[in-house]
Amino acid sequence: MITDAQANALSGATEPAARHLDAGVRAFAMSYGDVMGALDQARTAAPAMTMAHLAKAWVLVLSNDAILAAKAPPLMAEAAALTMNERERAHAAALAHAAQGHRAAAIAVLDRHLMSHPHDVLAHMCCHYIDAFHGRFHRSRDRSARALPRWSPDMPGYGLLLAFYGFGLEEAGDYARAEDVSRQAAELEPLNYWPHHGVSHVMEMSGRPADGLRWMADREPLWSGEQNTSRTHIWWHKALFHMELGQYPEMLAIYDGPIVETQRPLGISLTNATALLWRLEMLGVATGDRWQALADLWQSHTDGRLCVFADIHAAMTALRADRGAEVDRIVTAMRATAAGGTEAAPVFSLAGLPLVEGLAAYNRGAYADALEHLFKARDHLWMIGGSHAQRDLLEWTLAEAAVRAGQRDVAIALANERLGLRPDSAPNKRLLETAQAIAA
């Protein structure tokens, strides 16, 4: 039986096709290289190799992009007509759930599967990515912790799994261990996005922006090349380090240069630009016509059903670009999802819709209304997914709304809350000063 690099059996495979599959899965797990090219080579080399079709379908579904996700069902149908072993059946079942937006159900299948197949890199990556947009990144810590004792450091992919563990530790708030593990993973896999990303998050969340900029500079040749498909997000992190230091012109220069130059026409990639522009405006930086150009790129990449995190950022962009019809389209679709009784319904009703309503009120200057809507969503904010650093945009907007609404006590309370986490942050200091200047 032909196997992949981690000795998982592959139905319908040939040796050349298996190696193409390995390359595609590795590229997917690292965010480095031509994922689709390698998977298409695998499918061409062995049309009966079930896992090649499933892997490509996973990449499309996990793009969290409405245009790409719509291309997954034909691949799933191709796989369903082929021979499947136990591992492949687990992937097919999980993928069927994920394609319908039922992420918890997909994770449940893959979690059980990984208990008996701990060397399945694709399953680990799929769980890690689903966790990212299911509000529970910390589960990557637990999943990797139970698998790592069954790996050895000389196994292909060990560094990939170690990187997932490091990022899970970071999102669980275990910053010291997260940094140690992520640095170790970065040594094993220097081109891997995830360990570099993990260390960046540690430095962001623990208020070490100067260390973050040094980390970025030391490794820039490893993360900034064209093969690094998630490099836009690393540039975003670099901009946040400049922001924390009060270096707003440098922040804007990163937006106009590397962010615009490297972002892909995918919803999740475009969220970086949206989140950075919104922060810049809260800091009083003029953004000119940048919102209009960004709104053009967002067209058709969200559907109000697949990924609430992307939907919220698309709505933010449409609001700032004064595209009311697009806001209405997104909100109408989100309301239908919220009322639909699916697994995603509570996410949209408890978090997604109140957040968009709050952002809309903020955008039109109704700051007291914005404050109420954003407070309503605050306890459910984790449900939209993304990292703590990404969701902080909405926490900050809540605090900024309190300042602009003239609610002095609330504004001071929220500013002090933020300073308690990052006391040296220039934006947090500015927020407190502005809050204290409100007439008592």
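Good morning. I begin with one contact in this predicted model: Arg422 forms a salt bridge with Glu244, and their closest N and O atoms are 3.5 Å apart. Arg422 sits in the loop between helix H23 (408-421) and helix H24 (426-436), while Glu244 belongs to helix H14 (residues 231-244), so this pair ties together parts that are 178 residues apart in sequence. Are these two residues buried or exposed? Both Arg422 and Glu244 are buried.

Arg378 pairs with Glu417, with the closest N and O atoms at 2.3 Å. Since Arg378 lies in helix H21 (residues 367-378) and Glu417 in helix H23, the pair ties together parts that are 39 residues apart in sequence.

Another salt bridge links Asp142 to Arg141, whose closest N and O atoms are 2.7 Å apart. Asp142 is partly exposed, with a relative accessible area of 32%, and Arg141 is partly exposed at 27%. In total, the structure holds 31 salt bridges.

Let me turn to the overall architecture. The protein contains 24 helices and zero strands. For 440 residues, a compact globule would have a radius of gyration near 22 Å; the protein has 22 Å, which agrees. The C-alpha trace spans about 75 × 45 × 35 Å along its principal axes. Of the contacts between residues at least 6 apart in sequence, 64% join residues at least 24 apart. The accessible surface comes to about 16200 Å², and carbon and sulfur atoms account for 54% of that area.

Next, the interior. Of the 440 residues, 60% count as buried. In soluble globular proteins, nonpolar side chains tend to be buried together. Here the largest nonpolar core has 155 residues, and those with the most contacts inside it are Leu21, Met49, Trp58, Trp194, Leu355 and Ile384. Helix H20 (residues 345-363) contributes the largest share of this core, with ten residues.

Which residues does Trp194 touch, leaving aside those up to four places away in sequence? They are Ala29, Met125, His128, Tyr129, Phe137, Ala163, Phe164 and Phe167. Trp194 also forms one aromatic cluster with Phe137, Phe167 and Tyr193.

That brings me to the aromatic pairs, of which the structure holds ten. The ring centres of Tyr193 and Trp194 are 4.9 Å apart and the planes stand at 75 degrees, so the pair is edge-to-face. Tyr193 is buried, with a relative accessible area of 10%, and Trp194 is buried at 4%.

Trp278 and Trp291 form a further edge-to-face pair, at 6.5 Å centre to centre and with 85 degrees between the planes. Because Trp278 lies in helix H16 (residues 267-282) and Trp291 in helix H17 (residues 290-298), the pair ties together parts that are 13 residues apart in sequence. Trp278 counts as buried at 2% relative accessibility, as does Trp291 at 3%.

Thank you; I would be glad to take questions.

Technical notes:
Residues are numbered from 1 along each chain as its sequence is written. This is a predicted model: local features need pLDDT of at least 70, side-chain atom pairs count only at pLDDT 80 or more; totals for chains, interfaces and linings use all residues. Side-chain values use heavy atoms; hydrogens and water are left out. A nonpolar core is a set of buried Ala, Val, Leu, Ile, Met, Phe, Trp, Tyr and Cys residues joined through side-chain atoms within 4.5 Å. Buried means under 20% relative accessible area, exposed over 50%, partly exposed in between (1.4 Å probe, protein chains only). Helices (H or I, at least four residues) and strands (E, at least two) are DSSP runs, numbered from the N terminus. Contact means heavy atoms within 4.5 Å. Rings of Phe, Tyr and Trp (its six-membered ring) pair if their centres lie within 6.5 Å; planes under 30 degrees apart count as stacked, over 60 as edge-to-face and the rest as tilted. The radius of gyration is taken over C-alpha atoms; the globule rule is 2.2 Å times the number of residues to the power 0.38. Accessible areas come from the Shrake-Rupley method with a 1.4 Å probe; for residues, only the protein chains shown count as cover. A salt bridge is a side-chain nitrogen of Lys or Arg within 4 Å of a carboxyl oxygen of Asp or Glu.
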